[in-house]
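Thanks for asking me to look this one over. My notes are below, as numbered points.

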Amino acid sequence: MVLDTGSDIVWLQCAPCKKCYSQADPVFDPRKSSSYAGIPCDAPICRRLDSPGCNSRKKTCLYQVSYGDGSFTTGDFSTETLTFRRTRVARVGVGCGHDNEGLFVGAAGLLGLGRGKLSFPSQTGRRFNRKFSYCLVDRSASAKPSSMVFGDKAVSRTARFTPLISNPRLDTFYYVELLGISVGGTRVPGITASLFKLDPTGSGGVIIDSGTSVTRLTRPAYVSLRDAFRVGAGNLKRAADFSLFDTCFDLSGKTEVKVPTVVLHFRGADVSLPASNYLIPVDTSGTFCFAFAGTMSGLSIIGNIQQQGFRVVYDLGGSRIGFAPRGCA
């Protein structure tokens, strides 16, 4: 399943499919499960859905979720027992998706890890003490597996923590305070905390999202960061833009290069990124791009390329998020 801290609902593709994308494993068939149960339309858990529906024939709960990239899933909202290795978690509210379309390819579904009421951590709060963490290995270069931990063991001793801030209007997202960014050991002058402020209407702010790959910064912050990086990397040969990246380099034939350091300054936690978290290969011929992008929306998103190699700790009881470098070991 896809781990997504930017959404709440846990769902699986389910037979019979009205429309399913291709996945690696067989599609789950609820008719063969004795622990699967539909949820009545008037049940409180059904009402917690953002847009609940009701199957008028069976009087059971329906769900639908759409994502920022246009993908969506819809089907029956049900309860089922989930087993992780040897740990069984009974009666988790899960979406049984009969119509799932978009960019999901391969995975059986999605494990919603957001802060909302129906996310996996919220539903299983007491069981795992509302703590979890993951470490994502570099997808282009690593043979080691990524890992996910639930419960008290999830909290790494070497993690530096930053407080979570809540947005009353959007309970799903993990908001943190980004105060500035340094390039090559110097604070970038154009990047101030005010560019990342969560305003009283609930817009703006910075979220940590495992389900977004490239970090998006509000446009003025991105332009300042990019310009500072270009100056610091002035010795490298430039290459053409690639997809959403406007700062690319031709590193063909080089075994190593020196690049400016990048540090994200969160309140209480300075996160120093390894070069592979911001200069990424985009082809096999030596083109690397600066893996940040601008966004016209006020919301900035710290994506999973920037999180690679860190154990990212979500401690909801303590209302904080931590970053432990070299956390995949």
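1. Tyrosine 278 and phenylalanine 290 are both buried (under 20% relative accessible area, with exposed over 50% and partly exposed in between, using a 1.4 Å probe and protein chains only). Please keep in mind that this is a predicted model, where local features need pLDDT of at least 70 and side-chain atom pairs pLDDT 80 or more, while totals for chains, interfaces and linings use all residues. Residues are numbered from 1 along each chain as its sequence is written, and side-chain values use heavy atoms, leaving out hydrogens and water.

2. There are 21 aromatic pairs in the structure (Phe, Tyr and six-membered Trp rings with centres within 6.5 Å; planes under 30 degrees apart are stacked, over 60 edge-to-face, the rest tilted). Phenylalanine 28 and tyrosine 36 form a tilted pair, because their ring centres are 6.4 Å apart and their planes lie at 55°. Phenylalanine 28 is partly exposed, at a relative accessible area of 25%. For tyrosine 278 and phenylalanine 290 the centres are 6.4 Å apart and the planes at 75°, so that pair is edge-to-face. This pair links distant parts of the chain, 12 residues apart: tyrosine 278 lies in the loop between strands E20 (269-273) and E21 (279-281), and phenylalanine 290 in strand E22 (residues 287-290). Helices (H or I, at least four residues) and strands (E, at least two) are DSSP runs numbered from the N terminus.

3. One aromatic cluster includes Phe120, Tyr134, Tyr174 and Tyr314. Where does the charged end of arginine 320 sit? It is over the ring of phenylalanine 161, 3.6 Å from the centre (the criterion is NZ of Lys or CZ of Arg within 6 Å of the ring centre and within 35 degrees of the ring normal).

4. The largest nonpolar core has 50 residues, and Phe120, Ile208 and Phe266 are among those with the most contacts inside it (buried Ala, Val, Leu, Ile, Met, Phe, Trp, Tyr and Cys joined through side-chain atoms within 4.5 Å). Helix H4 (residues 219-232) supplies the largest share of this core, 4 residues. A second, separate core has 16 residues, including Ile45 and Leu118.

5. Strand E19 (residues 262-266) is largely enclosed by the rest of the structure, because 5 of its 5 residues are buried. Val262, Leu264 and Phe266 point one way, Val263 and His265 the other. E19 pairs in the antiparallel sense with strand E13 (residues 178-183) over 5 bridges, and likewise antiparallel with E20 over 5 bridges (pairing needs at least two DSSP bridges). Leucine 264 stands opposite isoleucine 181 and valine 271. In the E19–E20 hairpin, 2 residues separate the strands, and glycine 268 in the turn has a positive phi of about 85°.
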